Amino acid sequence: MGKAVCIIGSGNWGSAIAKIVGHNVRDRRELFDPLVRMYVYEEMVDGEKLTEVINTRHENVKYLPGVQLPDNVVAVPNLLEASKDGDIYIFVLPHQFVADICATMKGNIKKDSIAVSLIKGVSITEGGIKLISDVITEELGIHCSAMMGANLAGEVAKEQFCESTIGSTNEENGQMLKRLFETPYFHCMIVNDTPTVEICGALKNVVGIGAGIVDGMNYGDNTKAAVIRLGLMEMIKFAELFSPGSKVSTFFESCGIADLVATCHGGRNRMLGESVVKSSKTVKELEKELLHGQSFQGPLVAREIYHILETKHMLEQFPMFMAIHKICEREMDPSQFVSCLRNHPEHM
Ligand SMILES: NC(=O)C1=CN([C@@H]2O[C@H](COP(=O)(O)OP(=O)(O)OC[C@H]3O[C@@H](n4cnc5c(N)ncnc54)[C@H](O)[C@@H]3O)[C@@H](O)[C@H]2O)C=CC1
Ligand SMILES: O=C(CO)COP(=O)(O)O
(Lines give C-alpha, C1' and ligand atoms only; values in the text may rest on other atoms or scores of the structure.)
(Ligands and ions follow the chains in the order given, each with its own letter.)
Protein backbone atom coordinates (compact mmCIF):
# COMPACT_ATOMS: atom_id res chain seq x y z
CA MET A 1 0.00 0.00 0.00
CA GLY A 2 1.32 3.42 -0.96
CA LYS A 3 1.65 6.11 1.67
CA ALA A 4 -1.39 8.35 2.12
CA VAL A 5 -0.60 12.05 1.84
CA CYS A 6 -2.62 14.72 3.58
CA ILE A 7 -2.16 18.45 2.99
CA ILE A 8 -3.06 20.62 5.97
CA GLY A 9 -3.80 24.01 4.41
CA SER A 10 -5.08 25.27 1.09
CA GLY A 11 -3.96 28.87 0.62
CA ASN A 12 -1.81 30.24 -2.19
CA TRP A 13 1.17 27.94 -1.51
CA GLY A 14 -0.96 25.09 -0.18
CA SER A 15 -2.82 24.98 -3.50
CA ALA A 16 0.33 25.25 -5.63
CA ILE A 17 1.94 22.38 -3.72
CA ALA A 18 -1.30 20.37 -4.02
CA LYS A 19 -0.92 20.56 -7.78
CA ILE A 20 2.63 19.12 -7.61
CA VAL A 21 1.79 16.47 -5.02
CA GLY A 22 -1.42 15.41 -6.79
CA HIS A 23 0.49 14.75 -10.01
CA ASN A 24 3.44 13.07 -8.30
CA VAL A 25 1.41 10.60 -6.23
CA ARG A 26 -0.47 9.56 -9.35
CA ASP A 27 2.80 8.99 -11.22
CA ARG A 28 4.52 7.23 -8.28
CA ARG A 29 1.85 4.75 -7.17
CA GLU A 30 4.47 2.26 -6.01
CA LEU A 31 5.25 4.75 -3.21
CA PHE A 32 2.10 6.77 -2.65
CA ASP A 33 -1.67 6.35 -2.41
CA PRO A 34 -3.03 8.24 -5.45
CA LEU A 35 -5.71 10.01 -3.39
CA VAL A 36 -4.61 13.20 -1.59
CA ARG A 37 -6.80 14.74 1.09
CA MET A 38 -6.46 18.48 1.53
CA TYR A 39 -7.82 20.14 4.67
CA VAL A 40 -9.56 23.35 3.60
CA TYR A 41 -10.58 25.99 6.11
CA GLU A 42 -14.17 26.27 4.91
CA GLU A 43 -15.52 29.58 3.71
CA MET A 44 -18.16 30.83 1.32
CA VAL A 45 -16.97 32.22 -2.01
CA ASP A 46 -19.64 33.93 -4.12
CA GLY A 47 -22.35 31.95 -2.35
CA GLU A 48 -20.63 28.55 -2.71
CA LYS A 49 -18.57 26.51 -0.26
CA LEU A 50 -14.89 26.64 -1.19
CA THR A 51 -14.52 22.86 -0.72
CA GLU A 52 -17.37 22.22 -3.14
CA VAL A 53 -15.88 24.56 -5.72
CA ILE A 54 -12.50 22.81 -5.43
CA ASN A 55 -14.06 19.34 -5.68
CA THR A 56 -16.23 20.15 -8.68
CA ARG A 57 -14.15 22.66 -10.67
CA HIS A 58 -10.72 21.52 -9.42
CA GLU A 59 -9.58 25.07 -8.92
CA ASN A 60 -9.02 27.05 -5.73
CA VAL A 61 -10.81 30.10 -7.08
CA LYS A 62 -10.00 32.21 -4.03
CA TYR A 63 -6.34 31.46 -3.28
CA LEU A 64 -4.88 30.26 -6.59
CA PRO A 65 -7.32 31.22 -9.35
CA GLY A 66 -6.70 30.08 -12.89
CA VAL A 67 -4.71 26.97 -11.93
CA GLN A 68 -6.11 23.49 -12.55
CA LEU A 69 -5.67 21.14 -9.60
CA PRO A 70 -5.48 17.40 -10.25
CA ASP A 71 -8.81 15.70 -9.54
CA ASN A 72 -7.19 13.23 -7.13
CA VAL A 73 -6.76 16.13 -4.67
CA VAL A 74 -9.92 16.12 -2.58
CA ALA A 75 -10.86 19.12 -0.43
CA VAL A 76 -12.13 18.18 3.04
CA PRO A 77 -13.52 20.81 5.45
CA ASN A 78 -13.31 18.62 8.55
CA LEU A 79 -9.75 18.41 9.88
CA LEU A 80 -10.19 15.06 11.62
CA GLU A 81 -11.67 13.50 8.53
CA ALA A 82 -8.98 15.01 6.30
CA SER A 83 -6.12 13.82 8.51
CA LYS A 84 -7.52 10.37 9.35
CA ASP A 85 -5.17 7.51 8.39
CA GLY A 86 -2.52 9.77 6.87
CA ASP A 87 1.08 8.61 6.52
CA ILE A 88 2.62 11.93 5.42
CA TYR A 89 1.29 15.29 6.62
CA ILE A 90 2.21 18.45 4.73
CA PHE A 91 1.65 21.46 6.98
CA VAL A 92 1.18 24.58 4.87
CA LEU A 93 -0.80 27.31 6.58
CA PRO A 94 -0.03 30.60 8.34
CA HIS A 95 1.94 29.80 11.51
CA GLN A 96 -0.58 31.42 13.87
CA PHE A 97 -3.00 28.53 13.20
CA VAL A 98 -0.61 25.63 13.86
CA ALA A 99 -1.26 25.26 17.59
CA ASP A 100 -5.04 24.87 17.15
CA ILE A 101 -4.60 22.50 14.21
CA CYS A 102 -2.23 20.26 16.19
CA ALA A 103 -4.52 20.30 19.23
CA THR A 104 -7.32 18.88 17.08
CA MET A 105 -5.10 16.27 15.41
CA LYS A 106 -3.43 15.14 18.64
CA GLY A 107 -4.22 11.52 19.49
CA ASN A 108 -6.04 11.02 16.19
CA ILE A 109 -3.19 10.16 13.85
CA LYS A 110 -1.00 7.11 13.22
CA LYS A 111 2.05 6.90 15.48
CA ASP A 112 4.40 6.06 12.59
CA SER A 113 3.25 8.88 10.31
CA ILE A 114 5.64 11.71 9.42
CA ALA A 115 5.24 15.43 8.75
CA VAL A 116 6.86 18.19 6.76
CA SER A 117 6.38 21.87 7.46
CA LEU A 118 6.21 24.35 4.57
CA ILE A 119 5.33 27.09 7.04
CA LYS A 120 7.54 30.17 7.06
CA GLY A 121 7.35 31.30 10.66
CA VAL A 122 8.51 30.46 14.17
CA SER A 123 6.83 30.15 17.52
CA ILE A 124 8.14 32.16 20.47
CA THR A 125 8.79 30.94 23.98
CA GLU A 126 9.98 32.63 27.19
CA GLY A 127 13.60 31.82 26.39
CA GLY A 128 13.65 32.32 22.62
CA ILE A 129 12.17 30.62 19.60
CA LYS A 130 10.61 27.27 18.91
CA LEU A 131 10.65 25.89 15.37
CA ILE A 132 7.28 25.04 13.86
CA SER A 133 8.62 21.55 13.08
CA ASP A 134 9.37 21.16 16.80
CA VAL A 135 5.88 22.35 17.73
CA ILE A 136 4.45 19.69 15.40
CA THR A 137 6.76 16.98 16.76
CA GLU A 138 6.02 17.87 20.39
CA GLU A 139 2.28 18.08 19.89
CA LEU A 140 1.81 15.07 17.64
CA GLY A 141 4.79 12.88 18.58
CA ILE A 142 5.89 12.40 14.95
CA HIS A 143 9.08 13.30 13.07
CA CYS A 144 8.83 16.56 11.16
CA SER A 145 11.05 17.85 8.35
CA ALA A 146 10.81 21.25 6.65
CA MET A 147 10.80 22.43 3.05
CA MET A 148 11.49 26.09 2.21
CA GLY A 149 12.95 27.89 -0.79
CA ALA A 150 12.57 30.59 -3.42
CA ASN A 151 9.11 29.34 -4.29
CA LEU A 152 6.66 32.14 -5.09
CA ALA A 153 3.47 30.10 -5.41
CA GLY A 154 2.17 31.72 -8.60
CA GLU A 155 5.40 30.99 -10.47
CA VAL A 156 5.58 27.40 -9.18
CA ALA A 157 1.97 26.87 -10.30
CA LYS A 158 3.02 28.04 -13.80
CA GLU A 159 5.75 25.38 -13.71
CA GLN A 160 8.63 27.87 -13.95
CA PHE A 161 11.89 26.23 -12.82
CA CYS A 162 12.95 26.77 -9.21
CA GLU A 163 14.82 25.09 -6.37
CA SER A 164 13.70 24.20 -2.87
CA THR A 165 15.49 22.96 0.26
CA ILE A 166 14.31 20.00 2.30
CA GLY A 167 15.68 20.08 5.84
CA SER A 168 15.49 16.67 7.45
CA THR A 169 17.36 15.02 10.29
CA ASN A 170 16.14 11.65 9.01
CA GLU A 171 17.76 10.62 5.72
CA GLU A 172 14.98 8.19 4.78
CA ASN A 173 12.22 10.75 5.40
CA GLY A 174 14.18 13.36 3.44
CA GLN A 175 14.44 11.03 0.43
CA MET A 176 10.74 10.12 0.65
CA LEU A 177 9.80 13.82 0.67
CA LYS A 178 12.06 14.51 -2.29
CA ARG A 179 10.17 11.82 -4.23
CA LEU A 180 6.90 13.41 -3.17
CA PHE A 181 7.76 16.98 -4.18
CA GLU A 182 10.39 16.90 -6.92
CA THR A 183 9.43 17.55 -10.54
CA PRO A 184 11.51 18.64 -13.56
CA TYR A 185 10.58 22.25 -12.69
CA PHE A 186 10.78 21.93 -8.87
CA HIS A 187 14.24 20.78 -7.84
CA CYS A 188 14.68 19.65 -4.22
CA MET A 189 17.95 19.48 -2.32
CA ILE A 190 18.19 17.78 1.08
CA VAL A 191 20.20 19.18 3.99
CA ASN A 192 20.25 17.79 7.53
CA ASP A 193 20.02 21.26 9.08
CA THR A 194 16.25 21.67 9.60
CA PRO A 195 16.52 24.56 12.12
CA THR A 196 18.41 26.84 9.73
CA VAL A 197 16.05 26.01 6.86
CA GLU A 198 13.11 27.14 9.01
CA ILE A 199 14.83 30.19 10.45
CA CYS A 200 15.68 31.33 6.92
CA GLY A 201 12.06 30.86 5.84
CA ALA A 202 10.72 32.88 8.76
CA LEU A 203 13.21 35.76 8.72
CA LYS A 204 13.40 36.36 4.97
CA ASN A 205 9.79 37.60 5.12
CA VAL A 206 10.88 40.38 7.49
CA VAL A 207 13.72 41.40 5.14
CA GLY A 208 11.21 41.33 2.25
CA ILE A 209 9.27 44.11 3.96
CA GLY A 210 12.52 46.11 4.16
CA ALA A 211 13.01 45.69 0.40
CA GLY A 212 9.50 47.02 -0.14
CA ILE A 213 10.18 50.00 2.11
CA VAL A 214 13.12 51.14 -0.05
CA ASP A 215 11.06 50.47 -3.20
CA GLY A 216 8.31 52.65 -1.75
CA MET A 217 10.81 55.45 -1.24
CA ASN A 218 11.97 55.13 -4.88
CA TYR A 219 15.46 53.88 -4.11
CA GLY A 220 17.06 51.67 -6.75
CA ASP A 221 18.64 48.26 -6.98
CA ASN A 222 21.85 49.14 -5.11
CA THR A 223 19.90 50.09 -2.00
CA LYS A 224 17.78 46.97 -2.27
CA ALA A 225 20.97 44.90 -2.57
CA ALA A 226 22.18 46.50 0.68
CA VAL A 227 18.88 45.53 2.35
CA ILE A 228 19.34 41.96 1.14
CA ARG A 229 22.99 41.75 2.29
CA LEU A 230 22.45 43.36 5.68
CA GLY A 231 19.27 41.32 6.12
CA LEU A 232 21.22 38.15 5.42
CA MET A 233 23.82 39.16 8.04
CA GLU A 234 21.07 39.71 10.63
CA MET A 235 19.53 36.35 9.73
CA ILE A 236 22.88 34.59 10.21
CA LYS A 237 23.48 36.36 13.52
CA PHE A 238 19.98 35.51 14.73
CA ALA A 239 20.52 31.83 13.89
CA GLU A 240 23.91 31.81 15.66
CA LEU A 241 22.33 33.23 18.83
CA PHE A 242 19.05 31.35 18.92
CA SER A 243 19.89 28.09 17.16
CA PRO A 244 23.42 27.08 18.11
CA GLY A 245 24.91 24.61 15.63
CA SER A 246 23.27 26.35 12.71
CA LYS A 247 25.36 25.93 9.52
CA VAL A 248 26.31 28.99 7.47
CA SER A 249 26.33 26.77 4.34
CA THR A 250 22.52 26.40 4.65
CA PHE A 251 22.15 30.15 4.00
CA PHE A 252 23.53 29.49 0.51
CA GLU A 253 20.81 26.96 -0.31
CA SER A 254 17.51 27.95 -1.93
CA CYS A 255 15.94 28.49 1.51
CA GLY A 256 18.50 31.21 2.27
CA ILE A 257 19.89 33.66 -0.23
CA ALA A 258 17.64 32.55 -3.11
CA ASP A 259 14.42 32.97 -1.14
CA LEU A 260 15.65 36.36 0.09
CA VAL A 261 16.18 37.52 -3.48
CA ALA A 262 12.82 36.14 -4.68
CA THR A 263 10.86 37.62 -1.77
CA CYS A 264 12.62 40.98 -1.99
CA HIS A 265 11.56 41.25 -5.64
CA GLY A 266 8.26 39.43 -6.02
CA GLY A 267 6.86 38.59 -2.59
CA ARG A 268 3.71 39.70 -0.81
CA ASN A 269 5.84 41.01 2.06
CA ARG A 270 7.76 43.26 -0.34
CA MET A 271 4.43 44.60 -1.56
CA LEU A 272 3.44 45.31 2.03
CA GLY A 273 6.64 47.31 2.70
CA GLU A 274 6.00 49.47 -0.36
CA SER A 275 2.37 50.04 0.64
CA VAL A 276 3.31 50.96 4.21
CA VAL A 277 5.41 53.81 2.76
CA LYS A 278 2.81 54.94 0.25
CA SER A 279 -0.29 54.83 2.45
CA SER A 280 -1.15 55.56 6.06
CA LYS A 281 -3.23 52.41 6.53
CA THR A 282 -2.47 49.77 9.15
CA VAL A 283 -0.93 46.42 8.21
CA LYS A 284 -4.28 44.70 8.90
CA GLU A 285 -6.09 47.13 6.60
CA LEU A 286 -3.47 46.63 3.88
CA GLU A 287 -3.67 42.85 4.24
CA LYS A 288 -7.43 42.95 3.72
CA GLU A 289 -7.20 45.37 0.81
CA LEU A 290 -4.24 43.82 -1.03
CA LEU A 291 -4.44 40.09 -0.30
CA HIS A 292 -8.16 39.23 -0.20
CA GLY A 293 -7.82 36.51 2.44
CA GLN A 294 -4.15 35.61 1.99
CA SER A 295 -1.80 36.69 4.75
CA PHE A 296 1.45 38.58 5.27
CA GLN A 297 3.65 36.53 7.59
CA GLY A 298 6.47 39.09 7.84
CA PRO A 299 4.84 41.60 10.25
CA LEU A 300 3.90 38.85 12.69
CA VAL A 301 7.40 37.37 12.67
CA ALA A 302 8.89 40.89 12.99
CA ARG A 303 6.76 41.50 16.08
CA GLU A 304 7.65 38.13 17.59
CA ILE A 305 11.40 38.50 17.14
CA TYR A 306 11.30 42.13 18.29
CA HIS A 307 9.78 40.90 21.54
CA ILE A 308 12.51 38.26 22.04
CA LEU A 309 15.33 40.67 21.16
CA GLU A 310 13.92 43.34 23.46
CA THR A 311 13.63 40.89 26.35
CA LYS A 312 17.24 39.81 25.82
CA HIS A 313 18.52 43.41 25.36
CA MET A 314 19.82 42.55 21.88
CA LEU A 315 17.87 44.99 19.74
CA GLU A 316 20.87 47.14 18.81
CA GLN A 317 22.49 44.12 17.11
CA PHE A 318 19.49 43.84 14.75
CA PRO A 319 18.71 47.40 13.63
CA MET A 320 16.98 46.34 10.42
CA PHE A 321 14.64 43.85 12.06
CA MET A 322 13.89 46.45 14.74
CA ALA A 323 13.20 49.25 12.23
CA ILE A 324 10.98 47.05 10.05
CA HIS A 325 8.84 46.13 13.05
CA LYS A 326 8.56 49.75 14.17
CA ILE A 327 7.70 50.98 10.67
CA CYS A 328 4.97 48.32 10.36
CA GLU A 329 3.59 49.44 13.73
CA ARG A 330 3.81 53.11 12.65
CA GLU A 331 6.20 53.81 15.52
CA MET A 332 8.99 54.89 13.14
CA ASP A 333 8.80 56.95 9.99
CA PRO A 334 9.96 54.99 6.89
CA SER A 335 12.27 57.90 6.00
CA GLN A 336 14.51 56.77 8.90
CA PHE A 337 15.05 53.32 7.38
CA VAL A 338 18.00 54.23 5.19
CA SER A 339 19.92 55.82 8.07
CA CYS A 340 19.47 52.54 9.90
CA LEU A 341 21.15 50.81 6.94
CA ARG A 342 23.88 53.47 6.81
CA ASN A 343 24.74 53.07 10.51
CA HIS A 344 24.47 49.30 10.55
CA PRO A 345 26.85 47.48 12.97
CA GLU A 346 28.12 45.41 10.01
CA HIS A 347 29.89 48.63 8.89
CA MET A 348 31.72 49.15 12.21
N1 LIG B 1 2.34 32.02 -1.05
C2 LIG B 1 3.61 31.73 -1.32
O3 LIG B 1 4.16 32.09 -2.37
C4 LIG B 1 4.39 30.94 -0.32
C5 LIG B 1 3.99 30.80 1.00
N6 LIG B 1 4.73 30.07 1.88
C7 LIG B 1 4.32 29.90 3.27
O8 LIG B 1 3.26 28.94 3.30
C9 LIG B 1 2.44 29.16 4.45
C10 LIG B 1 0.98 29.20 4.02
O11 LIG B 1 0.82 30.28 3.14
P12 LIG B 1 -0.21 30.30 1.92
O13 LIG B 1 -0.53 28.93 1.45
O14 LIG B 1 0.35 31.24 0.93
O15 LIG B 1 -1.53 30.87 2.63
P16 LIG B 1 -2.36 32.21 2.24
O17 LIG B 1 -1.71 33.37 2.89
O18 LIG B 1 -2.57 32.26 0.77
O19 LIG B 1 -3.79 31.93 2.83
C20 LIG B 1 -4.12 31.94 4.18
C21 LIG B 1 -4.72 30.59 4.49
O22 LIG B 1 -5.09 30.55 5.87
C23 LIG B 1 -6.34 29.89 5.97
N24 LIG B 1 -6.98 30.24 7.23
C25 LIG B 1 -7.58 31.41 7.58
N26 LIG B 1 -8.05 31.32 8.84
C27 LIG B 1 -7.74 30.09 9.30
C28 LIG B 1 -7.92 29.40 10.52
N29 LIG B 1 -8.54 29.99 11.56
N30 LIG B 1 -7.45 28.15 10.64
C31 LIG B 1 -6.81 27.55 9.62
N32 LIG B 1 -6.59 28.14 8.42
C33 LIG B 1 -7.04 29.40 8.27
C34 LIG B 1 -7.09 30.35 4.75
O35 LIG B 1 -8.17 29.51 4.49
C36 LIG B 1 -6.00 30.26 3.71
O37 LIG B 1 -5.91 28.96 3.20
C38 LIG B 1 2.94 30.48 5.08
O39 LIG B 1 3.80 30.16 6.16
C40 LIG B 1 3.75 31.12 3.97
O41 LIG B 1 4.79 31.96 4.46
C42 LIG B 1 5.86 29.43 1.49
C43 LIG B 1 6.30 29.50 0.19
C44 LIG B 1 5.60 30.27 -0.80
O1 LIG C 1 7.83 32.49 0.65
C2 LIG C 1 7.60 32.98 -0.44
C3 LIG C 1 8.43 32.74 -1.63
O4 LIG C 1 9.39 31.76 -1.42
C5 LIG C 1 6.46 33.92 -0.58
O6 LIG C 1 6.81 35.13 0.01
P7 LIG C 1 5.66 36.16 0.35
O8 LIG C 1 4.84 35.59 1.48
O9 LIG C 1 6.35 37.45 0.70
O10 LIG C 1 4.86 36.29 -0.92
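Predicted model: local features only at pLDDT ≥ 70, side-chain atom pairs only at ≥ 80, totals over all residues.

The shell around ligand 2 consists of 13 residues, and the closest of them are N151, L152, G267, R268 and N269. Three elements each contribute two or more residues to this shell, namely α8, α10 (254-266) and α11 (268-278). Of these, α10 gives the most, with three residues. Sorted by class, the shell around ligand 2 has three nonpolar, seven polar and three charged residues. Both domain 1 (3-159) and domain 2 (196-347) supply residues to it, so ligand 2 lies between the two domains.

R268 belongs to helix α11. It counts as buried because 22 other C-beta atoms lie within 10 Å, and the cut-off for that class is 20 or more. Setting aside neighbours within four places in sequence, R268 is in contact with L291, Q294 and F296.

Helix α8, another contributor to the shell around ligand 2, spans residues 194-216 and holds K204. The unreviewed UniProt entry annotates K204 as "active site"; this assignment comes from the record. K204 has 32 C-beta neighbours inside 10 Å and therefore counts as buried. Apart from neighbours within four places in sequence, the contacts of K204 are D259, L260 and T263.

The chain is split into domain 1 (3-159) and domain 2 (196-347). Taken over C-alpha atoms, the centres of domain 1 and domain 2 are 26 Å apart. Their contact involves 21 residues from domain 1 and 24 residues from domain 2. On the domain 1 side, the elements giving two or more residues are β8 (122-124), β9 (129-131), α5 (132-140) and β10 (143-148). By class, that side of domain 1 comprises 11 nonpolar, eight polar and two charged residues. The unreviewed UniProt entry also carries the annotation "domain: Glycerol-3-phosphate dehydrogenase NAD-dependent N-terminal", which covers residues 5-172. This span is 32% helix and 27% strand, and its end C-alpha atoms lie 16 Å apart.

Ligand 1 is surrounded by 23 residues, and G11, N12, W13, K120 and A153 are the closest. Helix α1 (residues 12-27) provides the largest share of the shell around ligand 1, three residues. The classes in that shell are 11 nonpolar, 11 polar and one charged. Domain 1 (3-159) and domain 2 (196-347) each provide at least three residues to the shell around ligand 1.

A position elsewhere in the chain gives a point of reference for R268. D46 and R268 are 222 residues apart along the chain, and their C-alpha atoms are separated by 24 Å. D46 sits in the loop between β3 and β4. It is exposed because 8 other C-beta atoms lie within 10 Å, where the class requires 12 or fewer. The phi of D46 is positive, near 50 degrees, in a residue other than glycine. Most residues other than glycine have a negative phi.

In helix α2 (residues 50-57), the buried residues are L50, T51 and I54. Viewed down the axis of α2, these buried residues fall within an arc of 105 degrees, so they line one face of the helix. An α-helix has 3.6 residues a turn, so residues three or four places apart point the same way. On the other side of α2, T56 and R57 are exposed. The residue that follows α2 is H58, with a positive phi near 55 degrees.

One further position with a positive phi is H313, at about 55 degrees, although it is not a glycine. H313 is placed in the loop between α13 (298-311) and α14 (319-328). With 8 other C-beta atoms within 10 Å, H313 is exposed.

To return to the site requested: ligand 2 lies between domain 1 and domain 2, and R268, one of the closest residues to it, is buried.

Definitions and conventions. Residues numbered from 1 in each chain as written. Chains lettered and ligands numbered in written order. Domains from an automatic or database assignment. Contact = placed C-beta atoms within 7 Å. Helix = DSSP H or I, 4+ residues; strand = E, 2+ residues; numbered from the N terminus. Nonpolar A, V, L, I, M, F, W, Y, C, P; charged D, E, K, R; others polar. Near = placed C-beta within 6 Å. UniProt positions renumbered as here; feature names shortened; annotations may be inferred. Arc of directions from axis to C-beta.
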